[in-house]
Amino acid sequence: MSAPRLEIHLDRIHHNANALVERLAARGITVTGVTKATLGSPEVASELIRAGVSAIGDSRIENIEAMRRAGLNGPMVLIRAPMPSQADRVVASAEVSLNSELDTIARLSISAGAEQRRHGVVLMVELGDLREGILPRDLEQVARRTVEFEGIDLVGIGANLACQSGVAPGAANMAELSALASALEARLAVRLPMVSGGNSANLNWALGTNRHVAVATRGAGRVNNLRLGESILLGCEPLQRQPIDGLHTDAITLVAEIIESRIKPSRPWGHLDQTAFGLQADPVDRGDRTRVIVALGRQDVDPDGLVPPDGLQLLGASSDHLVLDGGDAAFDVGAQVRFGLNYSALLRTMTSPFVDRVFVRDTPS
Ligand SMILES: *Cc1c(COP(=O)(O)O)cnc(C)c1O
């Protein structure tokens, strides 16, 4: 099979999604399955729907449009605030979008009128991570204006943490979001069906996967939805990068090909200056070792996010070469090597035109 390629195990993705859907259902929380790290793959999206997610979320309208063209007709949520210039496309392809600007909601309203559709708006609240969101003190005023727009339904509020500043979702900020939802309902005499608490980083809070106290003992409050990508695709929670109990961490792997394997000294010789990508740490002299080059580079992957197989240790990467230490072992040129990926490596690999995508099933469906 061609290399490099991403092997995407649809059964394992299904298992991960279904396990999270069921565990969160027990807490009264639905899952929006986030496909942005798969470039909006219709294969992955269909699998998520079969596994029980309540909607598909993606950050790019292009991905949502591609999934629509592929025949997906379930509910779709644009999870990045729409560009005003794309309002028509957003209303045409997504039922709901996450928003924080009235000017954009005004544009969505005009598009909804023109297309004779309604569009759902979730207002994002800033809870301290300092990425998107309306400050809590401004929320009521923005919500009052939002409900006045023709063609727009205020369907809820949401928050996103742990992305820009690493602020962890926990009892305090989730309780604040719940309180804001209830206060808004009371002040505006509306019902907010959706309170979307965040992303995969909320799982420690929601399920108590480690030292955090789980909502199992206290309830999720008004939070009734999470938007999950990384945890479904990689089986990990992003705060401590720990595997989640019972989930596959090898649902997506990267296979690449060896183009050189030679015994060489472990220390370079000559005067050392900067490399193509900045300064290198001074290499330790470990004698002669097998040095393996794999045809993969920074154009294709974030090398820091690769997990090489046992027996190979990552030494560095340039645009097109991944250099590994193979110890005393011998490796065949042309042999294929399988890597694990973190989120950053997955994102870059999916967007490289040089990497193929191969969908695999463990069991025939
Ligand atoms: C990417 C993203 C998500 C999903 O995050 P994961 O860590 O992949 O679960 C959820 N919400 C928003 C707004 C996002 O941008």
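Which residue has a backbone N or O atom that lies 2.8 Å from an oxygen atom of the ligand?

Modeller: The residue is Glu230, through a backbone N or O atom. The model is predicted, so local features need pLDDT of at least 70 and side-chain atom pairs count only at pLDDT 80 or more, while totals for chains, interfaces and linings use all residues. Residues are numbered from 1 along each chain as its sequence is written, and side-chain values use heavy atoms, with hydrogens and water left out.

In the side chain of Arg227, an N or O atom is 2.9 Å from a nitrogen atom of the ligand. In that of Arg131, an N or O atom is 3.2 Å from an oxygen atom of the ligand. On its own the ligand has 390 Å² of accessible area, and the protein covers 94% of it; this area comes from the Shrake-Rupley method with a 1.4 Å probe.

In total, 13 residues surround the ligand, each with a heavy atom within 4 Å of it. The closest are Lys36, Ser200, Arg227, Gly229 and Glu230. By type, the shell divides into 5 charged, 4 polar and 4 nonpolar residues. Here Asp, Glu, Lys and Arg count as charged, Ala, Val, Leu, Ile, Met, Phe, Trp, Tyr, Cys and Pro as nonpolar, and the others, Gly among them, as polar.

The ligand sits in the second largest pocket. A pocket is an open set of points on a 1 Å grid over the protein atoms alone, where a 1.4 Å probe fits, with protein on both sides within 12 Å along at least five of seven lines. A molecule sits in a pocket if more than half of its atoms lie within 2 Å of the grid points of that pocket.

Leu39 has a positive phi, near 55°, although it is a residue other than glycine. Most residues other than glycine have a negative phi. Leu39 is found in the loop between strand E2 (30–34) and helix H2 (42–50); strands (E, at least two residues) and helices (H or I, at least four) are DSSP runs numbered from the N terminus.

Technical notes
Polar contact = N/O pair within 3.5 Å; in protein donor to acceptor, adjacent residues only side chain to side chain. 1 Å grid on protein atoms, 1.4 Å probe; cavity = no way out; pocket = protein on both sides within 12 Å on 5 of 7 lines; lining within 4 Å.
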